Amino acid sequence: MTNLLTDRIKLLFDKNIYCSTWAEVIKSEIFRQRDKSNNNASDIFIKKFFGTLKVAQFQKQAGM
């Protein structure tokens with residue numbers, strides 16, 4: 001598993017505001033970070049995919 005960077009103040013805030021246990025807060029934070037990583041990875045894939053399509057379309061129009 002990768003190193004998880006956490007904001008300890010946010011975790012303390014979440015625990016007290018939402019009346020959660022430490023286990024719930026940590027589980028939620030792990031889920032949030034994994035979801036964020038997945039979203040970032042899919043964004044990169046989409047940008048590369050559409051970037052490749054734009055290059056191919058330009059080459060087709062240029063007769064390459």
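Good morning, colleagues. Please note that the model is predicted: local features need pLDDT of at least 70 and side-chain atom pairs count only at pLDDT 80 or more, whereas totals for chains, interfaces and linings use all residues. Residues are numbered from 1 along each chain as its sequence is written, and side-chain values use heavy atoms, with hydrogens and water left out.

Let me begin with the overall picture. The protein has two helices and zero strands; helices (H or I, at least four residues) and strands (E, at least two) are DSSP runs, numbered from the N terminus. Of its 64 residues, 9% count as buried. Here buried means under 20% relative accessible area, exposed means over 50%, and partly exposed lies in between, with a 1.4 Å probe and protein chains only. The accessible surface comes to about 6000 Å², and carbon and sulfur atoms account for 62% of it. Such areas come from the Shrake-Rupley method with a 1.4 Å probe; for residues, only the protein chains shown count as cover.

I turn now to the charged side chains. A salt bridge is a side-chain nitrogen of Lys or Arg within 4 Å of a carboxyl oxygen of Asp or Glu, and by this rule there are two salt bridges.

One of them joins aspartate 14 to lysine 10, with the closest N and O atoms 2.5 Å apart. Because these two residues are four residues apart in helix H1 (residues 8–17), about one helical turn separates them. Aspartate 14 is buried at 15% relative accessibility, while lysine 10 is partly exposed at 33%. Their side chains also make a polar contact at 2.5 Å. That term denotes a pair of N or O atoms within 3.5 Å; within protein, one must be able to donate a hydrogen and the other to accept it, and residues adjacent in sequence count only if both atoms are side-chain atoms. Leaving aside residues up to four places away in sequence, aspartate 14 touches Cys19 and Ser20, where contact means heavy atoms within 4.5 Å.

In helix H2 (residues 22–61), arginine 32 and glutamate 29 lie three residues apart, about one turn of the helix. They form a salt bridge whose closest N and O atoms are 2.9 Å apart.

Next, the aromatic rings. Rings of Phe, Tyr and Trp (its six-membered ring) pair if their centres lie within 6.5 Å; planes under 30 degrees apart count as stacked, over 60 as edge-to-face and the rest as tilted. This rule gives two aromatic pairs. Phenylalanine 45 and phenylalanine 49 are stacked, at 6.1 Å centre to centre and 20° between the planes. They are four residues apart in helix H2, about one helical turn. Phenylalanine 45 is exposed at 55%, and phenylalanine 49 is partly exposed at 42%. The rings of phenylalanine 49 and phenylalanine 50 have centres 5.3 Å apart and planes at 80°, so that pair is edge-to-face. Phe45, Phe49 and Phe50 form one aromatic cluster.

Finally, the surface. Phe45, Ile46, Phe49, Phe50 and Leu53 make a nonpolar patch of about 510 Å². Patches are made of residues with over 30% relative accessible area and no salt bridge: like charges are joined within 9 Å, and nonpolar side chains (Val, Leu, Ile, Met, Phe, Trp, Tyr) within 5 Å. Leucine 53 is found in helix H2 and is partly exposed at 42% relative accessibility.

Thank you for your attention.
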